[in-house]
Amino acid sequence: MLTLEEIYSALGETSEIIPENLNNIEIKNISTDTRTIKKGDFYLPLKGERFDGEKFIKQAVDSGAIAYLYTNDENKISDAFGIKVSDTKEAYLKLANFYRKKLSPKVIMITGSSGKTTTKELVSSVVAQKYNTVKTPLNHNNEIGLCQTIFSISPETEVLIIEAGMRGLGEIELISKYAEPDISIISNVGTAHIGRLGSRENIAKAKCEITSYQNPDGILIAHDDDLIKKTVKYTGEKLYYSINDVEFEKKEIGYSKFVYKNNEYELNIEGDYNVENSLAAINVGLYLGIEYPLIKKGLSEYKPIEKRWEAEKIAGYNIINDSYNANPESMKATLNTVLDLYTNPVIVLGDMGELGTDEKVYHKEVGEFINKKIGAKNCNLQILTVGSLAKEISDGVNCCFAKNFEDNESVARYILDNIAVGTTIFLKASRSMKFEEILENLKENNK
C-alpha cells in the first residue's frame with residue numbers, strides 16, 4: 001500500500017524523524033478501528049462529538065499497529081512510532097489523495113439530489129464490463145467514505161467510482177478536492193435538503209462544487225437542467241442528457257427498452273427516472289471507449305440494491321420497497337411509474353424529511369399530483385400514508401381511497417386486515433420513517 005516514509009511525506013506537517021529501521025516499512029492497511037487492526041497496520045484515530053480515537057492508541061499498538069497518528073502529546077506512547085498532526089481527519093484525506101495519485105485510476109465522481117446511488121450502480125455495471133472497477137460501497141458517500149473507498153483500491157484498479165452526498169455547502173467541494181475527479185456526474189438538482197440550503201439555487205451551487213477540483217481535461221456529464229448550466233463553473237468538456245433524448249420501445253413491469261443515440265438498450269427495471277439515470281452510464285461508457293455491446297450488457301445486468309425498488313413476497317403480498325430515501329421529485333417519479341404500469345396497487349407513503357418551512361406544501365403537492373395523474377377514473381387504488389406530514393398527502397387525495405396512520409404497526413395491521421393477498425404494495429418514504437418496520441410487522445403478524 002504505502003511505506004511509512006510515504007505516509008510521513010504525504011502529511012508534510014511533522015518534525016519527527018523516522019527511525020532508520022522503519023523508513024522503508026510497507027504499511028499493509030490504514031485502519032480507523034482498533035477492533036479490526038492486524039499486525040503491521042497503521043492506526044489513524046478519528047474524532048467525533050462523542051468519541052476520540054486517540055484514547056485507543058495503546059489498544060491499537062497492542063493489537064499490532066506499527067505506527068499511528070496523534071494530535072495531543074498526552075496520547076503519545078513509546079511502543080510504536082507516532083506522527084503528530086493538527087487534525088487526523090484532514091490527515092486521512094491527505095493520505096487518501098496521495099494514494100489516489102500514486103495508483104492513478106480514472107476517477108468518476110457522482111452526485112445529485114436523487115438517483116446518485118442508482119446512477120453509481122449503473123455506471124459501475126457498465127464500466128466493469130471493460131475495466132477493473134472499484135466503487136463507493138452502499139451509501140458511504142461522505143469524506144470518510146471517500147478515504148475508505150480510495151484505500152480499497154489496488155494497483156490493478158483502473159476506474160474508481162466515488163459517490164458524493166452532502167447536507168450543506170462546501171461538503172462536495174471537500175470531496176472533490178481530495179478525489180480530483182476526471183469525470184463528474186450530476187444526476188439532477190431537486191429539493192432534497194432544501195430545509196438546510198434554503199433554495200434550489202443553493203442546492204445547485206452545492207452540487208456543482210463537484211467540479212471544483214476536477215481535471216480540466218475531463219468531462220462533466222449532467223442532467224439537462226438550465227439551473228445546472230447557469231451555475232456550473234467548469235471550463236472543460238460538458239455533456240447534458242435528458243429523458244427527452246430517449247425513444248421508448250417498451251415500458252413493462254420490471255422491464256424498459258429504449259433507443260438512445262441510435263442504439264437500443266434494455267433495463268430489467270421499470271421507471272423513466274431509472275432510464276434517465278442510465279443515460280449517464282451510457283455516456284460514461286462512450287467517453288471511456290467502451291464498445292456498444294458491452295455498454296448494453298452492463299445496463300441489462302444492473303440490479304437494484306437494498307430498499308431501492310427492492311421486490312419481495314411477504315405474507316402473500318407483492319412488496320416493492322423503495323423507502324431508502326424520498327424527496328418530492330423522487331416520490332412523484334415513483335408514483336408516475338407505479339400508476340402507469342400497475343393495476344390497483346396499494347401505495348404506502350411516509351413523511352419526506354429536511355424540506356424546511358414549506359414541508360407541508362411539498363407534501364400537499366404530492367396529493368395534487370396523484371389527483372391529476374388519476375383524474376376522474378374509477379379505480380380501486382388505495383393511498384395509505386404514515387406520519388403527520390404525509391397526512392397532507394392523503395388529506396388532499398380525492399380521486400381514490402386515502403387514509404392516514406400514525407405509525408408503521410398500524411398501517412401493517414390495516415393491510416393484513418383489509419388488503420387481498422396477491423396485491424402489489426409500494427413503499428416510499430424518507431429513511432427516518434423506518435418503513436422496514438412495516439415489512440417486519442407484516443411478517444410477524446401474519447404468523
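The dialogue below takes up a pair of helices and then a group of strands.

Modeller: Please keep in mind that this is a predicted model.

Biologist: At what angle do helix α1 and helix α3 pack, and how far apart are their axes?

Modeller: Two packed helices are described by the angle between their axes together with the distance between the axes. Here, α1 (residues 4–11) and α3 (residues 88–103) pack at about 115°, and their axes lie 9 Å apart. The crossing of α1 past α3 is right-handed.

Biologist: Which residues make the contact?

Modeller: On the α1 side they are Glu 6, Ile 7, Ala 10 and Leu 11; α3 contributes Ala 91, Lys 94, Leu 95, Phe 98 and Lys 102. By class, 6 of the contact residues are nonpolar and 3 are charged, with no polar ones.

Biologist: Let us turn to the strands. Is strand β11 mostly covered or uncovered?

Modeller: A residue counts as buried when its relative accessible area is under 20%. In β11 (residues 219–223), 5 of the 5 residues are buried, and the strand is mostly covered.

Biologist: Which strands are joined to β11, and by how many bridges?

Modeller: Strand β10 (residues 183–186) runs parallel to β11 and is joined to it by 4 bridges. Strand β12 (residues 237–241) is also parallel to β11, with 5 bridges between them. Ala 222 of β11 is the bridge partner of Ile 186, and Ala 222 also stands opposite Tyr 240 in β12.

Biologist: Through which helix does the chain cross from β11 to β12?

Modeller: The path goes through helix α9 (residues 226–231), and this β-α-β crossover is right-handed.

Key:
Residues numbered from 1 in each chain as written. Predicted model: local features only at pLDDT ≥ 70, side-chain atom pairs only at ≥ 80, totals over all residues. Heavy atoms only, no water. Axes fitted to C-alpha atoms, helices over the stretch in contact; angles between N-to-C directions. Helix = DSSP H or I, 4+ residues; strand = E, 2+ residues; numbered from the N terminus. Left-handed = near helix turned anticlockwise from the far one by under 90°. Contact = heavy atoms within 4.5 Å. Nonpolar A, V, L, I, M, F, W, Y, C, P; charged D, E, K, R; others polar. Buried < 20%, exposed > 50% of the residue type's maximum accessible area, 1.4 Å probe, protein only. Pairing = 2+ DSSP bridges. Right-handed = clockwise from strand over helix to strand, strands pointing away.
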